[in-house]
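Hi everyone, thanks for making the time today. I'd like to walk you through one model, so let me put it up on the screen and we'll go from there.

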Amino acid sequence: MEINLTGLLPEALLIDLPEIDIQHEEIFRRIESLKLACIGSGPIPFEDFDSLLAYLKYHFGSEERIANELGIDFLDHAAVHRDNLQALRKAFNEVRGGARDVHSFLRYAEYWFERHIADEDKPFATKVRSHKATSGSASSVTAL
Ligand SMILES: [Fe+2]
């Protein structure tokens with residue numbers, strides 16, 4: 001059975017910052033891939049979950065880098081990122097320890113991620129665009 005995992009990011013969740021949209025697509029792809037890998041009675045691919053959490057950390061770092069490059073205050077958003085990662089690590093450790101069902105974790109991760117984009121990244125992208133429009137700069141983030 002061939003399963004197409006491309007184009008998982010719903011259009012409503014595009015934030016119009018290509019670097020970040022591509023990362024969001026990759027995160028959805030990884031979550032979907034984990035859902036498929038966890039169907040049935042095979043072993044849970046713990047290393048792929050670790051890899052997802054590492055990629056989320058990288059993704060948050062990208063957003064922070066963009067904010068720093070443009071001089072956008074990111075303290076509150078960065079605090080949310082730290083809390084998010086901590087909550088996801090805690091939930092995943094519960095899976096690893098057998099206290100939480102892996103599908104419960106994946107449902108939680110997917111729901112959280114959609115909220116992350118809608119509640120945190122969309123307003124962030126608006127700030128980025130507004131900052132670029134008012135500064136008129138073609139700074140080092142023109143590739144965004
Ligand atoms: Fe994001």
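Let's start with H81, which touches F60, E63, F74 and H116, leaving out residues up to four places away in sequence; contact here means heavy atoms within 4.5 Å. H81 lies in helix 3. Helices are DSSP runs of H or I with at least four residues, strands are runs of E with at least two, and both are numbered from the N terminus. Is H81 buried or exposed? Its relative accessibility is 4%, so H81 counts as buried. For the cut-offs, buried means under 20% relative accessible area, exposed means over 50%, and partly exposed is in between, with a 1.4 Å probe and protein chains only.

Before going on, a word on what you are looking at. This is a predicted model, in which local features need pLDDT of at least 70 and side-chain atom pairs count only at pLDDT 80 or more, while totals for chains, interfaces and linings use all residues. Residues are numbered from 1 along each chain as its sequence is written, and side-chain values use heavy atoms, with hydrogens and water left out.

Now the overall picture. The protein chain has 4 helices and 0 strands, and its elements run α-α-α-α from the N terminus on. Of its 144 residues, 38% count as buried. If you take contacts between residues at least 6 apart in sequence, 71% of them join residues at least 24 apart.

On to the metal. Which residues are the protein donors of the iron ion? They are H24 (NE2), H59 (NE2), E63 (OE), H116 (NE2) and D121 (OD), lying 1.8 to 2.3 Å from the ion. Donors are N, O and S atoms within 2.8 Å of the metal (3.2 Å for Na, K and Ca), and water is not among the atoms, so sites may look incomplete. Along the chain, the donors follow the spacing H-x34-H-x3-E-x52-H-x4-D. Within that set, H59 in helix 2 and H116 in helix 4 are 57 residues apart, a pair that links distant parts of the chain. H59 counts as buried because its relative accessibility is 0%, and H116, also at 0%, counts as buried too. You'll remember E63 and H116 from the opening: H81 touches both.

Next, the helix packing. Helix 3 (residues 75-96) and helix 4 (residues 102-135) pack at an angle of about 175 degrees, with their axes 10 Å apart. The axes are lines fitted to C-alpha atoms, for helices over the stretch in contact, and angles run from 0 to 180 degrees between N-to-C directions. Helix 3 and helix 4 are therefore roughly antiparallel, a label for angles over 145 degrees. By class, the contact has 12 nonpolar, 4 polar and 2 charged residues. Here Ala, Val, Leu, Ile, Met, Phe, Trp, Tyr, Cys and Pro count as nonpolar, Asp, Glu, Lys and Arg as charged, and the others, Gly among them, as polar.

The other pair is helix 1 (18-37) with helix 2 (residues 46-70), packed at about 165 degrees with axes 11 Å apart. That makes helix 1 roughly antiparallel to helix 2. The contact includes H24 of helix 1 and H59 and E63 of helix 2. Its classes come to 10 nonpolar, 5 polar and 6 charged residues.

Finally, the segment before helix 1, where I15 is found. I15 is buried, with a relative accessible area of 3%. Among the residues it touches, beyond four places in sequence, are H24 and D121. I15 and A118 are 103 residues apart in sequence, yet 8.7 Å apart in space, C-alpha to C-alpha. What is the phi of D16? It is near 65 degrees, a positive value in a residue other than glycine. Most residues other than glycine have a negative phi.

That's my tour, and I'm happy to go back to any part of it.

Definitions and conventions. Angles under 35 degrees count as roughly parallel, over 145 as roughly antiparallel, 65 to 115 as roughly perpendicular and the rest as oblique.
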